[in-house]
Amino acid sequence: MGNCCSDVAGGRAAVGGSGAAAGNDAVDHFLKSRGMYSSQMELSFSATNLRDRDVLSKSDPILIGYTKGKDGTLAEVFRTEVVLNSLNPTWITKHVITFQFEAVQTLVFHAYDVDTQFHNIDVKMLKLEELQFLGEASCVLSEVVTRPSRSLTLDLLFREDPTMSGNPRHCGQLIVHAEECISSKSTVEMVLRCSDLEHKDLFSKSDPFLLISKIVEVGLPIPVCKTEVLKNDHNPVWKPIYLSIQQVGSKVLKSQLFVDKFSQSSQWTFLDYLAGGCELNFMVAVDFTASNGNPRLPDSLHYLDPSGRLNAYQRAILEVGEVLKFYDSDKRFPAWGFGARPIDGPVSHCFNLNGSNNHSEVDGIQGIMTAYTSALYNVSLAGPTLFGPVISNAALIASQSPANGGKKYFVLLIITDGVVTDLQETKDAIVKASDLPLSILIVGVGGADFKEMEILDADKGERLESSSGRVASRDIVQFMSFRDVQSGEIAVVQALLAELPTQFLSYMRSREDIQPNI
């Protein structure tokens, strides 16, 4: 379905489709905030050295798969067939799962031995309490897809009495292998135009843009792409747009819409780059300005609750970090603070959160949390709120990636309670960084009016322009107010990370010298 509309505000700055940067920057923000990037993965399973529970023959194993919710509950999602008489089974049954980059998808596997008396029963009807337990294993889907071979070997563990503490016994290994479904790699390029559009404006020609939707099974149109706005044009020809086969689905084009080009091709996907050795390196910068309030008082945004309840800064670090850590091999993360006065020093707008004068990296997400807590006791909150120094510092690190093989992409998380003071300097830093392997996630906490911050996010306005007139080569910023999502149905991490794979691909595909080694 294609609809041609005239409305500059509605169309926003949908920049699309240069040949190098496949992927449409104009994807509707409503959909992006709900996680547009997804890929269908087919999981295969085999095991080695299983426990032998049969007397006169070997075990007859079956594998049961579950997804684990945030509350720890398990939901069964598949059962394999029963492999007869084998301690090293390779199951034929596959499980197709949608990989969601912005979510931590925990999978749990239970292996059972099926006695002969149950062999003629459909596996869906088997009662697990009547089977003999062989062992269990668990992993996060991200751990599988980031392996160069997309295969992950897990130890199967068995505890004689689940209610008793103590170390479980190792009883074999489970191998999980992931393959990206072919449809996830297929991309469609389209060049679209309209002719003789009707007048919608009183004193000028229309300003048309094209909204493309697909019809889902229930008959509802779901928007998947928007073109750029062409001002004062009744015969518009839009830049090429690029869509995955999953986005395209089946189309019915309405109105006087002409498809001048329609081509389908296969290209490297986000998961291909990960399997080929590319990494996402996490960095964080925390706002320590005085507007956060005295950290010792309960009304402060930096208050450390004795009950263990996390404040907004801790939540943002934990939720984003727990997703991104799987894509960083050494799990050493640069962490900075800004807007505070370290002991016996002037106000700093980029200081190492760990207190070191030499290095900014800490070990793991827990290292960031510990450094943040320690900093609250060792700095005096001050101001103003400046983003320029931390962005420039992150950009300096990111600029070294191409010289080191180009396999590292950096993600800077900035958490702040107020509107940035150095807006133009921040714009200049972002525009300069738009050519680098860097994305910037900004989380606004507290009750401030963050409307001005949305200027930095190209989803909600024109591409950023520097003081010298240079326009950002791509959108690298995603802003989200904690307040806006806390009452909604999506998590902060989903809203923030939904665009990241697209931003990653826009950079990687613009660099012909960076190819995944798969």
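**Figure 1. A look at the lining of the second largest cavity.** Ile430, Leu456, Ala458, Arg463, Leu464, Ala472, Arg474, Asp475, Ile476 and Val477 form the lining of the second largest cavity. On a 1 Å grid over the protein atoms alone, a cavity is a set of points where a 1.4 Å probe fits but cannot get out, and lining residues have an atom within 4 Å of a point. This is a predicted model, where local features need pLDDT of at least 70 and side-chain atom pairs count only at pLDDT 80 or more, while totals for chains, interfaces and linings use all residues. Residues are numbered from 1 along each chain as its sequence is written, and side-chain values use heavy atoms, with hydrogens and water left out. The space in this second largest cavity is about 40 Å³; a volume is the space filled by probe spheres set on the points, and grid points are joined across faces, edges and corners. Its lining has 7 nonpolar residues, 3 charged ones and no polar ones. Here Ala, Val, Leu, Ile, Met, Phe, Trp, Tyr, Cys and Pro count as nonpolar, Asp, Glu, Lys and Arg as charged, and the others, Gly among them, as polar. In total, the structure holds 2 cavities of 30 Å³ or more.

Figure 2. A pocket is an open set of grid points with protein on both sides within 12 Å along at least five of seven lines. How much space lies in the second largest pocket? There is about 440 Å³ of space. Its lining has 18 residues, and those closest to the pocket's centre are Lys70, Ala103, Val104, Glu322 and Val323. Two or more lining residues come from each of helix 6 (312-324) and helix 11 (492-497). Helix 6 gives the largest share, 5 residues. Helices are DSSP runs (H or I, at least four residues), as are strands (E, at least two), and both are numbered from the N terminus. By class, 8 lining residues are nonpolar, 3 polar and 7 charged.

Figure 3. Look for His302 in the loop between strand 15 (279-287) and helix 6. His302 counts as buried because its relative accessibility is 0%; buried means under 20% relative accessible area, exposed over 50%, and partly exposed in between (1.4 Å probe, protein chains only). The side chains of His302 and Tyr372 make a polar contact of 2.6 Å. Such a contact is a pair of N or O atoms within 3.5 Å; within protein, one must be able to donate a hydrogen and the other to accept it, and residues adjacent in sequence count only if both atoms are side-chain atoms. The His302 side chain also reaches the backbone oxygen of Asp287 at 2.8 Å.

**Figure 4. Asp287 in strand 15.** Asp287 belongs to strand 15. Is Asp287 buried or exposed? It is buried, because its relative accessibility is 0%. The side chain of Asp287 reaches the backbone nitrogen of Asp417 at 3.3 Å. Asp287 and Thr416 are 129 residues apart in sequence, yet 4.9 Å apart in space, C-alpha to C-alpha.

**Figure 5. Glu42 and the residues around it.** Glu42 sits in strand 2 (residues 39-48). Because its relative accessibility is 30%, Glu42 counts as partly exposed. Leaving aside neighbours within four places in sequence, Glu42 is in contact (heavy atoms within 4.5 Å) with residues including Lys94, His95 and His177.
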